[in-house]
Amino acid sequence: MKHFKSMREAEEVFKALSAPMRLRIMELLYGEGDLKLDDLARELKITNSAVSMHVERLVSAGLVKVSAMPGARGVCKVCKPCFDGMMVDMRPSGKQKNFYMDDIPVGAYHECLVAPTCGIATCKQIIGEFDMPKYFMFPNHYDAGVFWFGTGYVLYHLPNRLKPGEKLVKLTLSMELSSEYPGYNEDFPSDIYFEVAGVSLGKWISPGDYGSRRGHYTPSWWPVVCNQYGLLKTLSVTEEGTFIDGGYRIGDVTINDLKIDYSTEITFKISVPKDTKNCGGLTVFGKGFGDYDQGIVCTEYYEV
């Protein structure tokens, strides 16, 4: 899910989709799956140069990704969509025009305690071996693009960019998550719990561990039998409570309950405890893996 925080932010997407031919290309990609540019041209009954022009416009808008793959007659170009959906905030919020944003690498946790099944990898290689928790604290864990565990937690220190006189009114954390199953299982619920500044916020139930297709950014060397992508979820703590994806309430903790000011150390903990009802593990996807090329995006909205 791609989240645009204003109509202006989504302007390039609106422009790209204003042409009926480009709408048809997106329909084909979502309906048929990843397609070669030659196949798109044949299906649309237009020239290869024309389809390339339309696809380049969709690439510029961030809607599709084109990759080169070996073909029967040399290298061919394959087109795939970047997102399963979009959300656009139509109504601007005057209270939230001031904000700080950081994209935190998923491997930049400061503390962890995990149990198998587990593993961790960078975009270039697996760190150590699967199902060996000790590798989570090897120095190159900071470079990780994906990690997973059956039970346990990871703890991050979030940057606190507030200055004296600035009041935090909303905190959002956007991340790509799934359950963890040996191999993958798309019907495997897991209770994933969140905590900020030592305060428990609630849980989100992940539906499963996804692997029936390769993630849009997952490296080509990554084993096909492993999990490939997750769901983009946005955790929000506001003056009204705690929510997932803006509308689903998971708890009553408000931003004031966190007692965060410019001098506060802000921690963020993600966990799957052993004694929860749906103990289905956790996978966190970062840059270079999954469907969304991002880490954990932390946004601090403030008033002066």
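Student: Where does Glu240 lie?
Tutor: Glu240 lies in the loop between β14 (231-237) and β15 (242-244). Strands here are DSSP runs of E with at least two residues, helices are runs of H or I with at least four, and both are numbered from the N terminus. This is a predicted model, where local features need pLDDT of at least 70, side-chain atom pairs count only at pLDDT 80 or more, and totals for chains, interfaces and linings use all residues. Residues are numbered from 1 along each chain as its sequence is written, and side-chain values use heavy atoms, with hydrogens and water left out.

Student: Is Glu240 buried or exposed?
Tutor: Glu240 is exposed, at a relative accessible area of 53%. The cut-offs: buried is under 20% relative accessible area, exposed is over 50%, partly exposed is in between (1.4 Å probe, protein chains only).

Student: What does Glu240 touch?
Tutor: Arg249 and Thr254, leaving out residues up to four places away in sequence. Contact means heavy atoms within 4.5 Å.

Student: What about Arg249, which salt bridge is it in?
Tutor: Arg249 pairs with Asp252, at 3.1 Å from N to O. A salt bridge needs a side-chain nitrogen of Lys or Arg within 4 Å of a carboxyl oxygen of Asp or Glu. Arg249 is partly exposed at 39% relative accessibility. Asp252 is exposed, with 59%.

Student: Which residues of α2 are buried?
Tutor: Arg22, Ile25, Met26, Leu28 and Leu29. They cover an arc of only 160° around the axis, which puts them on the same side of α2. That arc is taken from the directions from the helix axis to the C-beta atoms.

Student: What does the face turned away from the buried side carry?
Tutor: That face of α2 carries the exposed residues Pro20, Gly31 and Glu32. After α2 comes Gly33, with a positive phi near 95°.

Student: Which salt bridge does Glu27 form?
Tutor: Glu27 bridges to Arg24, with the closest N and O atoms 3.3 Å apart. The two are three residues apart in helix α2, so Glu27 and Arg24 are separated by about one helical turn. Arg24 counts as partly exposed, at 35% relative accessibility.

Student: Now the rings. How many aromatic pairs are there?
Tutor: A search of the whole structure finds 17 aromatic pairs. Rings of Phe, Tyr and Trp (its six-membered ring) pair if their centres lie within 6.5 Å; planes under 30 degrees apart are stacked, over 60 edge-to-face, the rest tilted. Phe130 and Trp148 form an edge-to-face pair, 5.2 Å centre to centre with 80° between the planes.

Student: Where do Phe130 and Trp148 sit?
Tutor: Phe130 is in the loop between β8 (119-121) and β9 (146-149), and Trp148 is in strand β9. They are 18 residues apart. Phe130 is partly exposed, at 34% relative accessible area, whereas Trp148 is buried, at 5%.

Student: What about Phe194 and Phe268, stacked or edge-to-face?
Tutor: Their centres are 6.3 Å apart and their planes at 5°, so the Phe194 and Phe268 pair is stacked. Phe194 lies in strand β12 (residues 190-196) and Phe268 in strand β17 (residues 266-272), so the pair ties together parts 74 residues apart in sequence. Phe194 is buried at 3% relative accessibility, and Phe268 is buried at 0%.
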